[in-house]
Structures are given as structure tokens and as C-alpha cells.
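Dear colleague,

Please find the structure below, with its sequence. My notes on what was found in it follow.

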Amino acid sequence: MAILQFMQSGRDRVAVPTTVHCDHLVQARVGADSDLQDALNESNEVYQFLESSSRRYGMGFWRPGSGIIHQVVLEKYAFPGSLIIGTDSHTVNGGGLGSLAIGVGGADAADVMAGLPWEVRYPRIIGVKLTGSMSGWTAPKDVIIKLAYELTVSGGTNAIIEYFGPGTASISATGKGTICNMGAELGATGDVFPYDERMATYLRATGRGDLVAIAEEYVHLLQSDPEVEQQPEQFYDQIVEIDLSTLEPHVTGPHSPDRARPISELAAEVQREGFPERVSVALVGSCTNSSYEDMERCADVARQAAARGVSAASGLLVTPGSEQVRATIERDGQQAALEAIGATVLANACGPCIGQWNRPEARGTENSIVTSYNRNFPSRNDGNAGTMNFIASPELAVAMGLGGSLAFNPLTDPLVDANGNEFMLQPPTAAPEVPPTGFDPGVDMYVEPPEDGSDVDVRVDPSSNRLQVLDPWAPWDGNDFEDVPILVKTEGKTTTDSISPAGPWLRFRGHLNNLSDNMFLGANNAYTDETGTGKNQLSGEEIMPIPEIARAYSAQGIRWVAIGDENYGEGSSREHAALSPRMLGAAAIITRSFARIHESNLKKQGLLPLTFEDPSDWDRILEDDRMSLVGLSDLTPGQPVQAVLKHADGSEETLNLRHTLNDPQIAWFRAGSAMNHMKNLEGA
Ligand code: SF4
């Protein structure tokens, strides 16, 4: 959708360096090769579109199987001091190499690709002071699990987390990446480590030694100033301190990444809470934890078990984060060590981390899994709400897979070898953070765009039901919106997922028209007290799905408004929650209050996000009212908009509505969208 929106800009080439990565659509079924081939068959038209549009508009294209976006970005693009935006919340992973890397919605990305500035609310700064150094079973994952426990899943909202203190340099660049990756689980805008020698090591190993000299020249800009280290309380809005030397390995979950405890407390909790004790599958890797160092520590544990004739008691799945990691661990033996205890290596893609785990045998069952991933909401991995996902470091996940039990603690509990003798796993040895003989790049799956892509044909089949080229929205016609019907009045929590539900609809996220049949299907309509239904006010037809009503209005050229409650549009930054209302004829969305990103997305699509000056006016809007928004030609920053309500009994009343549009954003409304406005400026 980011590319489809960018295409509306009319630009010949992206304005900033841009790459496209194919990682989310690969289902994990059998193993790497056949799973990848299935994905190529099933989603071929999507991949064809992504590849051709990348070549057409000057974007680097990473084919399916080349790796997961955040690992590839760490290997190729992130560097100290860079600002990166990515259309995925775990873009923050790049903080491990000193980038300020931030996850955004597709509309934001499309704007930046088209040359518009990117706006973000000025963040708070949380300082996390790391002291000491890790040893034994403790890993970088434990730092972020501990922090999630301390700050909770909302503790990082509108904040940048900045790590500082002497402990930072004791962690490899990829370990720092793991920590930053899960800043997304705290809701952080971004997170970042100061530049150090560990970053230099990784830059050199990934063929970017030239950046080291530049980073060293500007090191004063890439590390905290000395006074920040000395008096952090004067500079940070909040400080958390973690002593790495005393940090225990942690396990977090199920169902929330902040439900954490040290491994030593898990067995008792398993009994108390009745979690399924048997570990059905252990899963390691993903964008979060598949570095060379991680894989070597996993392999070390696996070799100890294999030497005693022990295989994993649970299933064991390995997801390499990139083709480079996969090829290197194949060459250096880590893959063989894991396979020797029963592991299956999956494609270099998201797979079980994003619900693309085809696992019919678990459907409807309660079972426990241990992963080295980052998210563990119900159904996240295999679509089964009964699967309880516990998150831990990859080496701990492998150990728990060997023990086969959630109650197994490798620090204190023995395994039994092939001869019936007990033995203790030893903590994995210090692993090299980069391969001693260098990375093996594996199969080259990168497509460099041509200098001039103007003759490249962007492939979108007009009869496709998964892809649809977007036409620019029509500009505002200069008239007030007169006597428009109320489509829906949402009551209570209305997230972007209520406005544009995901699940089976995800398949259509490149086809706005098909996807828009989901509009408001998750929203509670105050008039019907039902979810997703309303009444067609023109035909008088009884209860029907809200998108059908909107389509009926739209077919007659009638605009409409939707009324919302508090914090309307919270949740994911999903731009479809603004695009679908725009496509199906919304004029304005009027609420008690908006979530910030969604309000901004509405503005970008040329819609009017308005709020009641008096929040109790929400009650005055009746199902069969008609509303006029008047004086729009005088729309001015800071000045209210008037809404004239005509009730069915013939009475009228006028309400004051507020807006936060600034002058450029009013120009977006007039042009029909931010993208149209930019095009107008370029054409002027
Ligand atoms: Fe997102 Fe998981 Fe893929 Fe990482 S591996 S990008 S967290 S879905």
C-alpha cells in the first residue's frame, strides 16, 4: 500500500534511498525450500508487482527468501547517526547500530518516498543505564525482557529509549539490535545505543568499514555528552538502571511481552497458573534473534546435548533472519549442530512469528511454545488462541526444547542422557559476534534498480483481486458539505482494527476496493448496539453491514460523516483505516478525541478530522440526522468549524467542532490529499 500510494505522487523516482523486502507472506509448513516455493506460487502477482514497481521507481528489491527486513537492514543499511523509517514496528531494531530507526504506517512512508517531510510528536527520552557485564546463560534478550517488565507494554509510548552507561559496550551490535527490536513491545517511538567498538566490528564484518572512519570522526555526535553520563537525571524524563552482572535469564509470557519473571520463578508459576507444562515446540531466530552470535550459542547447547545422545524433546524450528546468516551457519556448522538434535530450518522469512505457521495439529488445543521472537499476543504464531507463547533468549529456548518442559531450568536442572545418566548443560560459551572467516553472502537475491526505470512496466493485472492501482482522490470542490447522513456513531474503544479489521482481510491489503468491504466491521455502533452494522438512512433499509451502506451512499454521490468516541483510531498505524473511509465517501470523521497517528492519516487522505468542542455533543447526534459542515472556504488554523444538525422532527441546532489542521494540512484538504498537494506544488 505504501508503493501504491507513492505511485499517486506522479514522481518518477523515490526521493530518498528506499528498499522493499518480502518477508511476511511466506508460510511455514514443511521447511525452507518447499515453503518458499509455495509462497512464490501463491503470491506471485504480489511479488511481481513489488519487483516491477521497485525497478520502475528506483527502489532496491530484496526477493522472497533473502531475509527478514530488520536483519537485512542491520546487515546493509543501518549505520550510526542515520535516521530510518520503515513500514513495520520492529524497524527500531536498527538502534543496535546507532540508527534512529522508527516504525511508521505506509502513508508516512509514501510521503517520505515522495519527498514530503516526516512529522512525529517530539518524544520524551527514557534513559536506560546499563552497568556490569553479562555472563553464563544471561543474554541481551534478558535486558529487554526485564525492561518490558519494568516499564510495561505502554511504558515507552511517545518516548525514545536511549541506552547509556559502561554496560553498553559489553554487548555486541547484534545483541544491541535484539534489545532495540523489542522497544516496539514497550510502544517506544524508537531506541538507540551509543556508537562503540562493537558497532565498528559489525560494520567492518558487513563490508562497511569505510563508515567506521566517519563514525570515529563524528563520535562526539554519536555518544552521550559526558555530563549526561554524570548527571542523567537532568537530561532524561525517566531513568531505569539494569546491572547486567546480576541479571538473571528471564522468560516472558504468555500473551503479553511484559508478563516476565526470572527463569528460577517459572516452574512454580506453571503449577500455580496451570500453564501447559509440556513445551510443544521451541522456535529460535526471526528478525529479533538470529545473529551469528545467537546461532553459535544455540549450537553450543545443541552440541552438548548431541554429545550425550540427547535430542530435543519438543519440536525445534529455526528461522534464519537473512540468507547471509543462513549460508554462514550452514558453512560454519551451527545449522548441522541444530539439525542433529532434531531442528528444522525454515525459510529466511517471518513465518511463525506473524501467524504464517501452518499447524493444523495444534488447532483448538492448549499448548505451550517457547520462542526467541518478540510478540506473543494470542493467536500471533499459529492462529490458535490456545497456544501460549513464552519468549526467552534463543539459547534458553533451545535448552527448554531439550528439557521439553516449561518447568525445566537449565541453570539448576539436569537432563538425562542416552545411558540414563544425569548431566547438566553448561552455559553456552562466549560466541564470536561475527564469523571469524567472514560472512558467506549465500545466494544473491537483491535486485538493483536501473538508473532510469521509466520504461519498466509496473505489473498490476486489472482483474486482480489482491492488487489495485490507486487513482488520486478528487480535490475538494469548494462547497460546504450539505445535509450529509451519519453513517455510524461508534461507542467505546474504536481502534484502527475496529475500523479496518485484519485477519482474513490482510490478503487484500494491496486492493483497497476489496479490502474496504471490512470498513467499520469491528466497530460498535451506538445506534444499533451491534458491531459492524447500521441502517441505510436513504432507503430506510433495516440493519445491514456498514460498508454496504457506505457503498450505497457513494453510488449516489452522497458524502457522509462518521461519529467516534474517545481516542478514536488508537492501535496500529494502519493507513487502511483512513483510506477505506476516503474511498467509500467520507467527508469528515467527528469524534470526542483522536489517536494522534490516525488523525494525521485522515488529514493526509484529505479528510476532515474534527472533535466536539463540548464532548457531550456526541449525545446530540441522532441516527437519522443530517449534518452540514459550513464555512469550509474560510477553514483556518485554530478556528472552529460549525456543524448544523437537522433532526428528523424538523428542529435544528448548531455545534462547534475543533480541528488541528495547520496551513499546509488545510492545503491537503483542498487538494484532496497530501499527495495531490505535493503534486500541485511540483507542477506549479
Ligand atoms: Fe515482524 Fe516477526 Fe517478521 Fe520480525 S520476524 S519483521 S517481528 S513478523
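The buried residues of helix α14 (residues 323–332) pack against α4 (69–76), α13 (292–307) and α15 (334–340). This is a predicted model, in which local features need pLDDT of at least 70 and side-chain atom pairs count only at pLDDT 80 or more, while totals for chains, interfaces and linings use all residues. Residues are numbered from 1 along each chain as its sequence is written.

The terms used for this helix are as follows. A residue is buried if 20 or more other C-beta atoms lie within 10 Å of its own, with C-beta atoms placed from the backbone. Helices (H or I, at least four residues) and strands (E, at least two) are DSSP runs, numbered from the N terminus. Two residues are in contact if their C-beta atoms, placed from the backbone, lie within 7 Å.

Of the ten residues in α14, seven are buried, so the helix is largely enclosed by the rest of the structure. Those buried are Glu323, Gln324, Val325, Arg326, Thr328, Ile329 and Asp332.

Phe61 stands opposite Val447 in β18.

Around the ligand there are 13 residues, of which Ser286, Cys287, Cys350, Cys353 and Ile354 come nearest (near: C-beta atom, placed from the backbone, within 6 Å of the molecule). The shell has seven nonpolar, four polar and two charged residues; Ala, Val, Leu, Ile, Met, Phe, Trp, Tyr, Cys and Pro count as nonpolar, Asp, Glu, Lys and Arg as charged, and the others, Gly among them, as polar.

For the chain as a whole, there are 23 helices and 29 strands, and buried residues make up 53% of the 684 residues. Of the contacts with a separation of 6 or more, 77% join residues 24 or more positions apart. The C-alpha atoms fill a box of roughly 90 × 55 × 55 Å along the principal axes.

An automatic or database assignment divides the chain into domain 1 (250–355 + 364–423) and domain 2 (481–683). Their C-alpha centres lie 45 Å apart.

Regards

Conventions
Buried ≥ 20, exposed ≤ 12 C-beta atoms within 10 Å, placed from the backbone. Pairing = 2+ DSSP bridges.
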